[in-house]
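The explanation below takes them in turn.

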Amino acid sequence: MTEPSAAAVATASSPSDKSIRRRSLFAACSAHAVHDGLTDVIYVLLPIWQAQFGISYAVVGLLRGSYSGMMAGFQLLASRLAKRWGRERLLVGGTALAGIAYLVAGQAGGLAVLLIALLLGGLGASTQHPLASSIVTDTHEAGGGVKEALSQYNFAGDIGKTLIPALVGLLLLVCSWQASVSLLGLLGLAAAGLLWWLLPRPGDIQASQKKVLKPVAGSGSPASFRALLATGTLDSAVRMGFLTFLPFLLKSKGAGTAGIGVALSLLFVGGAFGKLLCGYLGARIGMMKTVWLTESMTSALIVAALWLPLTGIMAMLPLLGLALNGTSSVLYGVVPELAEPGKREHAFALFYTGTIGGGALAPVLFGALGDRTSVPTALLALAALLLLTLPLAWQVQKGVAHRGAT
């Protein structure tokens, strides 16, 4: 009998590899959808908490920033702890902690307990971005299609942002915010159980990685990476600042709780398609032109939202979401290209830390500005700040062009 050829052996083992890729991608997408939904549903709850506890815009920003701040601040630590405890175990534990945090928030009778719950939720959420994205990257290197898989992973986050705030907005029509938040906690615990069942074993992922023919790696461009990090930080800061003020802007124009939930869903639907469209645009016309287009459009539409009536704002929210969220997809795809050799996961963690950190700080700073001046003034400042990304994108493009020439 003749021994099987190498091709035959590879063909025989491919179903197992495909199963690992499918399960890891579905698990990462599920984690991203649930975590992003739990993060962004806070925007629906902020006006309710302001009325419940009688707090200022600065404290509103503090509540929003506490969740994002913990999420940003502990991502690098999560990457280090994953080497000791395992990425899969830490991702499941972080998801469960986020669910428990919402159960605690549902029982909050005062501002202090609510703040503690949001801090715990942000701590649990810190495990998702760096660990889930690295799992997707590692399991798809052997079969190719890393960028496509990461694109699906990013898209799933926007699905969660779209569905969960809309569902909570509808729930608030029939039950209290405490009951709605408690149901979110049960969702987080159910997601943790799903991840425990779905995620492949570390040994299977390592076996799949041994078949990698050409690892995804960058040539390293520290100056361009710093410009990329600054661009992502400003983009995230404006996005989170705008989302913090949007419910109050809509409320001032006559929108109710359900209307705010629908408005956020329209924004996030546009954002989901924006990530797909801007990824395509980035490949066709380049990163810099895409960023200039989306950031300029975002700045102009934020200004327009101040003067439009409620119906006009609702009509333009999908377009605003497309530009507001689409930029992040283009920037995220450049991280592996500018990362130093052997430091891709560290580069991802740094990028997420900077962008989410900027998003956490912006609501606090611009909330204070809104208290001192007005919501429209704070939104105008956000629109002006976003224009700083245009020269930064040019610096990023220099590094990408240099890599392409080498």
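In this predicted model, helix 5 and helix 6 cross in a left-handed sense. Helix 5 covers residues 87–106 and helix 6 covers residues 111–125. Their axes lie 7 Å apart, and the angle at which they pack is about 165°. Angles over 145 degrees count as roughly antiparallel, so helix 5 runs roughly antiparallel to helix 6. On the side of helix 5, the residues in contact are G94, T95, L97, A98, A101, V104 and A105. Helix 6 meets them with V113, L114, A117, L120, G121, L123, G124 and A125.

Helix 5 also has helix 9, residues 177–198, as a partner. The axes of helix 5 and helix 9 come within 7 Å, crossing at roughly 165°. By the cut-off of 145 degrees, helix 5 and helix 9 are therefore roughly antiparallel to each other. Their crossing is left-handed.

Several residues of helix 16 are buried, namely V375, A378, L379, L382, A383 and L386. Buried here means that under 20% of the relative accessible area remains. When helix 16 is seen down its axis, the buried residues fall within an arc of 140°, so they line one face of the helix.

Definitions and conventions:
Residues are numbered from 1 along each chain as its sequence is written. This is a predicted model: local features need pLDDT of at least 70, side-chain atom pairs count only at pLDDT 80 or more; totals for chains, interfaces and linings use all residues. Side-chain values use heavy atoms; hydrogens and water are left out. Buried means under 20% relative accessible area, exposed over 50%, partly exposed in between (1.4 Å probe, protein chains only). Helices (H or I, at least four residues) and strands (E, at least two) are DSSP runs, numbered from the N terminus. The arc is that of the directions from the helix axis to the C-beta atoms. Axes are lines fitted to C-alpha atoms, for helices over the stretch in contact, and angles run from 0 to 180 degrees between N-to-C directions. Angles under 35 degrees count as roughly parallel, over 145 as roughly antiparallel, 65 to 115 as roughly perpendicular and the rest as oblique. A crossing is left-handed if the near helix is turned anticlockwise from the far one by less than a right angle, and right-handed if clockwise. Contact means heavy atoms within 4.5 Å.
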